[in-house]
Amino acid sequence: MASEVGICNRAIQRVGGTRIASLSDGSKAARECSIAYEPSRDALLRSHPWSFSILRARLATDSTAPAFGPALAYTWPTDALRILFTNDFDNDWIVEGRKILTDWAAPLDIRYVSQITDPNAMDALFREALAMKIAHAICEPITGSNNKQASIRQDFIDIIAEARRVNGIEKLADTSPESNWIAVRS
């Protein structure tokens, strides 16, 4: 069973530190992991449309319209880290702050990357990439070694590429690729 402490212990193992029992156990490794865990998780979730983190929502129009430009505003879901697209594939909307501005009438159907906080809901390769991201963040404070940090960075790049590749295999493309026949005619 996956846990925040388990992910952090994987990161600590990678930097050569001593395992922790909790994120509040008072050790330097626990303090560094406690600081790095949430921002690393959210940044990694936001960086890619991970299949396990995509949710759908139907949004109602805000009561206050934008001052100018698009006629309607919609507030992001509270757990949204990134809006993927709305209604169809047109780019007839913009994001400003935590609002989607558009002329599309309610309800506005969206897909978004959700802030997944339960490690058991995360893909195994994502958890490994998260551990490497945390290891990179905590390496210098714990070890004082830039060389070790560079090595961990390369490991992170390798694991994130693998995680994205596997994630991409599990999803259908958002749009069908255009055939050469159609492309030449355009």
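Predicted model: local features only at pLDDT ≥ 70, side-chain atom pairs only at ≥ 80, totals over all residues.
Which side chain meets arginine 14 in a salt bridge? Keep that one in mind while we get going.

Okay, the answer. Arginine 14 pairs with the side chain of aspartate 155, at 2.0 Å from N to O. Now look at where these two sit. Arginine 14 belongs to helix α1, while aspartate 155 belongs to helix α4, which covers residues 146-169. They are 141 residues apart, so to speak, and the pair links distant parts of the chain. In the whole structure, a search turns up six salt bridges.

Let's stay with α1 and see what else it touches. When two helices pack, we describe them by the angle between their axes and the distance between those axes. Take α1, residues 4-15, with α3, residues 124-143: the angle is about 50 degrees and the axes are 7 Å apart. Angles from 65 to 115 degrees would count as roughly perpendicular and those under 35 as roughly parallel, and this pair is therefore called oblique. The crossing of α1 and α3 is right-handed.

Who does the touching here? From α1 we have Ile7, Cys8, Arg10, Ala11, Ile12, Arg14 and Val15. There's our arginine 14 again, in this contact as well as in the salt bridge. On the α3 side the list includes Leu130, Met132, Ile134 and Ile138. Sorted by class, this contact has 13 nonpolar residues, one polar and four charged.

Now α1 with its other partner, α2, residues 28-46. These axes come within 10 Å and cross at roughly 115 degrees, so α1 and α2 are roughly perpendicular. Their crossing is right-handed too. The residues that meet are Glu4, Ile7, Cys8 and Ile12 from α1, with Ala29, Cys33 and Tyr37 from α2. That contact splits into six nonpolar, no polar and one charged.

What is the order of the strands in the open sheet? It runs β2-β5-β4, three strands with antiparallel pairing. Strands in a sheet pair through backbone hydrogen bonds, and that can be parallel or antiparallel. Here β2 (72-75) and β4 (93-96) are the edge strands with a single partner each, so one side of each has no neighbour in the sheet. From one strand to the next, the twist averages 25 degrees.

Zoom in on β2 and β5, where β5 is residues 99-102: four bridges hold this antiparallel pairing. Leucine 72 is opposite threonine 102, and tyrosine 74 is opposite isoleucine 100.

How many residues lie between β4 and β5 in their hairpin? Two, and in that turn glycine 97 has a positive phi of about 65 degrees. Most residues other than glycine have a negative phi, and most peptide bonds are trans.

That brings me to the last stop. The peptide bond from alanine 106 to proline 107 is cis, with omega near -5 degrees. You'll find proline 107 in the loop between β5 and β6, the strand at 108-114.

Technical notes. Residues numbered from 1 in each chain as written. Heavy atoms only, no water. Axes fitted to C-alpha atoms, helices over the stretch in contact; angles between N-to-C directions. Parallel < 35°, antiparallel > 145°, perpendicular 65-115°, else oblique. Left-handed = near helix turned anticlockwise from the far one by under 90°. Contact = heavy atoms within 4.5 Å. Nonpolar A, V, L, I, M, F, W, Y, C, P; charged D, E, K, R; others polar. Pairing = 2+ DSSP bridges. Salt bridge = Lys/Arg side-chain N within 4 Å of Asp/Glu carboxyl O.
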